[in-house]
Protein chains: 2
Amino acid sequence: MRYELYYWPEIQGRGEFVRLALEDAGADYADIARLPQGMKTMMAILEDGDRADPPFAPPFLKHGDRIVAQTANILLYLGERLDLAPPDEDRRLFIHQLQLTIADLVTEAHDVHHPVGGGLYYEDQKPEARRRAKEFRHERIGKFLGYFERVAAANPKGPDWLVGAHASYADLSLFQAVEGLRYAFPKAMAKHEAQWPTVVALRDRVAKRPRIAAYLASDRRVPFNTNGIFRHYSELDD
Amino acid sequence: MRYELYYWPEIQGRGEFVRLALEDAGADYADIARLPQGMKTMMAILEDGDRADPPFAPPFLKHGDRIVAQTANILLYLGERLDLAPPDEDRRLFIHQLQLTIADLVTEAHDVHHPVGGGLYYEDQKPEARRRAKEFRHERIGKFLGYFERVAAANPKGPDWLVGAHASYADLSLFQAVEGLRYAFPKAMAKHEAQWPTVVALRDRVAKRPRIAAYLASDRRVPFNTNGIFRHYSELDD
């Protein structure tokens, strides 16, 4: 049964974490809002007041009649089905925990350029963004990437992946987080990322997976841009 | 086997969502960091560089040798065990999705008083907090509570609970979210909460559950205060 992904068509955003899992698995899926009339279909689902299981916001996944929303929850659902999470509960929960921690990083990366609120333009909160960016670059990036460095380094199966001997959706998501940070803060990352060699090597390992490499080279990969979650504004970098 | 909850002892914070589930179920648990020497035990786990499954931050739960972190993930783990989530995958995922949406609300409620960053004091970001509070009160509270209103109202088993015919951990968490919003923004909530009658009735239903009522009246319930996630500063209210 085909997976239908619903997400804003012009950004990577949170939908990208789901796209990477579907692409890596070679899953049969459609990125609905990027098809003609697709936005209309997506909005109709969001606005359908009769549904007992409405999504709060994109991304959401439709699989048959089932709708699953919230990025980490979608990946929890897909993990077992796409062989991107192990079957045992311990590791499944730990991978989900890592995904939720990546989600926290992503929220903070967004709030760097929108500290006063998502309802205002970046241009209306530039001084505040500059203050928040400084703390994010100096304190938060290292806190998060240092944590993932420690997790991969302590993996009893070796440091190739975060958990166990195989790639999970959390590895794909960590790749995406590093890509986003490099795009948004190229100077800060160039200066500091050597502190997290295991994370950088893991990022490279994901980039070389054949289906991921093919995806990244295709036009299915939306380029990073300043409408997404990770945004590059030079005044917010080092 | 006894559950061990690890969380900052002087605030409700994110740990409270876990406390409510454990209390409602009458589970055998210890709130470790509130016991003598408990903070030391918690910090030792957080700083143990050899663990293959370290938590990123409190709260975390220890159950035998297993450690589970991230609030929503802890509740996912406890849901089945404490009979606070149904066994079928569809509803289990939907309840988890609702919990993740509550987590988003909680993060936004925190960022109202810390828009520029968690590393600075509130006193160093008061004008920014005032701007963010305005958007939060005017746009975000209604967006979230309106969503939960719609979910409960569309529940095929009736509007008593968010999902199905029984209370789940998401209902307990929604109670806590409403309590937090009422504490932080008493004027805004008094003015607007009648718009979400199903949510308010659900909150009342949770408050009356015997074990929850006993817990709320006990000294195990840490009072709301201005070190927690929900904070009352009159200048941030209506």
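Trainee: How far apart do the C-alpha centres of domain 1 and domain 2 of chain A lie?
Mentor: Bear in mind that this is a predicted model: local features need pLDDT of at least 70, side-chain atom pairs count only at pLDDT 80 or more, and totals for chains, interfaces and linings use all residues. Residues are numbered from 1 along each chain as its sequence is written, with chains lettered from A and ligands numbered from 1 in the order in which they are written. In chain A, the domain assignment gives domain 1 as 3–81 and domain 2 as 89–213, the bounds coming from an automatic or database assignment. The C-alpha centres of these two domains of chain A are separated by 22 Å.

Trainee: How many charged residues are on the side of domain 1 of chain A that touches domain 2 of chain A?
Mentor: In chain A, 14 residues of domain 1 are in contact with 15 residues of domain 2, where contact means C-beta atoms, placed from the backbone, within 7 Å. Helix 1 and helix 3 of chain A each give at least two residues to that side of domain 1; helices (H or I, at least four residues) and strands (E, at least two) are DSSP runs, numbered from the N terminus. Nonpolar means Ala, Val, Leu, Ile, Met, Phe, Trp, Tyr, Cys and Pro, charged means Asp, Glu, Lys and Arg, and the others, Gly among them, are polar. By class, that side has 7 nonpolar and 3 polar residues, and the charged ones number 4.

Trainee: How many of the 11 residues in helix 3 of chain A are buried?
Mentor: A residue is buried if 20 or more other C-beta atoms, placed from the backbone, lie within 10 Å of its own, exposed if 12 or fewer, and partly exposed in between. In helix 3 of chain A, the buried residues include Ile74(A), Leu75(A), Tyr77(A) and Leu78(A). Helix 3 (71–81) of chain A is mostly covered, and its buried count is 9.

Trainee: Which element gives the largest share of the side of chain A that touches chain B?
Mentor: The chain contact takes 38 residues from chain A and 38 from chain B. Strand 4, helix 3, helix 4 and helix 5 of chain A each supply at least two of the chain A residues. That side of chain A divides into 16 nonpolar, 10 polar and 12 charged residues. The largest share, 9 residues, comes from helix 4 of chain A.

Trainee: At roughly what angle do the axes of helix 6 and helix 8 of chain B cross?
Mentor: The axes are lines fitted to C-alpha atoms over the stretch in contact, with angles from 0 to 180 degrees between N-to-C directions. In chain B, helix 6 (169–184) and helix 8 (197–207) have axes that come within 9 Å and cross at roughly 105°.

Trainee: Why is Tyr122(B) counted as partly exposed?
Mentor: Tyr122(B) lies in the loop between helix 4 and helix 5 of chain B. Leaving aside neighbours within four places in sequence, Tyr122(B) contacts His113(B), His114(B) and Ala129(B). Tyr122(B) is partly exposed because its C-beta neighbours inside 10 Å number 16.

Trainee: Is Gln37(B) buried or exposed?
Mentor: Gln37(B) is found in the loop between strand 2 and helix 2 of chain B. Gln37(B) has a positive phi of about 70° although it is not a glycine. With 9 other C-beta atoms within 10 Å, Gln37(B) is exposed.

Technical notes: Contact = placed C-beta atoms within 7 Å.
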